[in-house]
Amino acid sequence: MARLIPSLTLVGGATLLSRLLGFARDLLIARLFGADAGTDAFFVAFKIPNLFRRLFGEGAFASALVPVLHQAECQGGQAELRRLLASLSGLLGLGLAVLTLIGLLTAPVLILVFAPGFAGQPEQQALAAELVRLTLPYVAFIVLAALAGAVLNLHERFGVPAFTPVLLNLAIIASALWLAPRLAEPILALGWGVLLGGWTQLAWQLPAVARLGLLTRPRWEWRHPGARTALRRLGPVLFGVSVTQINLLLDTFLASFLATGSISWLYYSDRLVEFPLGILGAALGH
């Protein structure tokens with residue numbers, strides 16, 4: 001109990017800080033960019049990495065992996081855990097690289113899947129596709145960051161992964177303030193912010209994993225039983241979480257047929273609703 005209370009305080013405080021910075025980030029975007037074709041394009045492009053952030057970065061991924069990692073460590077010690085992590089990082093990395101490459105090549109089509117209303121607006125579709133190409137690599141960063149976070153949580157290093165979500169908000173805020181005025185198309189700065197945020201979220205955790213002696217070189221060991229078990233456990237967990245996100249994708253799908261700015265206003269209103277719920281959730285968790 002003596003160790004539990006400081007951990008809860010640390011995680012609850014970091015979550016609260018992330019929620020506050022996320023709200024400040026959205027206020028800043030609304031103030032600087034408003035609600036127009038550019039922000040509509042960004043919010044559609046941001047839906048894809050943000051969906052994966054919710055799937056992998058908000059606890060479901062860790063809840064599926066930590067028991068498997070713990071079992072591997074109990075049965076074979078650190079050597080077996082290192083082997084499992086090498087296999088998982090290799091398989092996930094390869095799969096994410098392939099998916100990212102496909103997404104980069106098919107970005108214009110991908111935009112029409114999420115926002116078919118852009119079909120009659122070629123300039124907006126092209127801008128959204130460019131933003132997808134900037135933000136899509138975030139998916140690989142956040143999944144690998146979630147794997148690193150699971151390792152740290154297993155060894156009760158809660159502070160580093162708890163603070164990780166703060167970095168995305170800081171990266172987007174910094175890009176909006178510093179980079180946007182320097183670009184011919186300022187809205188692209190938000191895409192660069194997402195990309196920078198993903199990289200920093202992964203890089204932030206790697207030194208802590210290295211200090212545990214668990215930073216390993218990825219291996220493509222398809223037949224590792226622990227890796228196969230972990231990936232099987234991920235399926236039902238991620239499916240359960242994804243069901244709750246379908247309505248958010250459907251809202252954007254329908255709003256793309258409405259007047260310019262509708263997607264942006266929908267996003268801002270949704271964030272206003274989520275903010276007090278997020279604060280309440282952080283308070284209850286604390």
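Start by selecting two sets: Val160, Pro161, Phe163, Thr164, Pro165, Leu167, Leu168, Ala171, Ile172, Ser175, Ala176 and Leu179 in helix 7, which meet Ala189, Leu190, Trp192, Gly193, Val194, Leu196, Gly197, Thr200, Gln201, Trp204, Gln205 and Ala208 in helix 8 (contact means heavy atoms within 4.5 Å; helices are DSSP runs of H or I, at least four residues, numbered from the N terminus). Coloured by class, this contact shows 17 nonpolar, 7 polar and no charged residues (Ala, Val, Leu, Ile, Met, Phe, Trp, Tyr, Cys and Pro count as nonpolar, Asp, Glu, Lys and Arg as charged, the others, Gly among them, as polar).

This is a predicted model: local features need pLDDT of at least 70, side-chain atom pairs count only at pLDDT 80 or more, and totals for chains, interfaces and linings use all residues. Residues are numbered from 1 along each chain as its sequence is written, and side-chain values use heavy atoms, without hydrogens and water.

Now show helix 7 (residues 159–179) and helix 8 (residues 188–211) whole: their axes come within 8 Å and cross at roughly 150 degrees (axes are lines fitted to C-alpha atoms over the stretch in contact, with angles from 0 to 180 degrees between N-to-C directions). The two helices are therefore roughly antiparallel (angles over 145 degrees).

Stay with helix 8, which joins helix 3 (60–105) and helix 6 (137–154) in each supplying at least two residues to the lining of the second largest pocket (on a 1 Å grid over the protein atoms alone, an open set of points with protein on both sides within 12 Å along at least five of seven lines; lining residues have an atom within 4 Å of a point). Select Ser89, Leu147, Leu206, Leu215 and Thr216 to find its centre, as they lie nearest to it among 17 lining residues. Helix 3 gives the largest share, 5 residues. The lining has 13 nonpolar, 4 polar and no charged residues.

Notes. Parallel < 35°, antiparallel > 145°, perpendicular 65-115°, else oblique. 1 Å grid on protein atoms, 1.4 Å probe; cavity = no way out; pocket = protein on both sides within 12 Å on 5 of 7 lines; lining within 4 Å.
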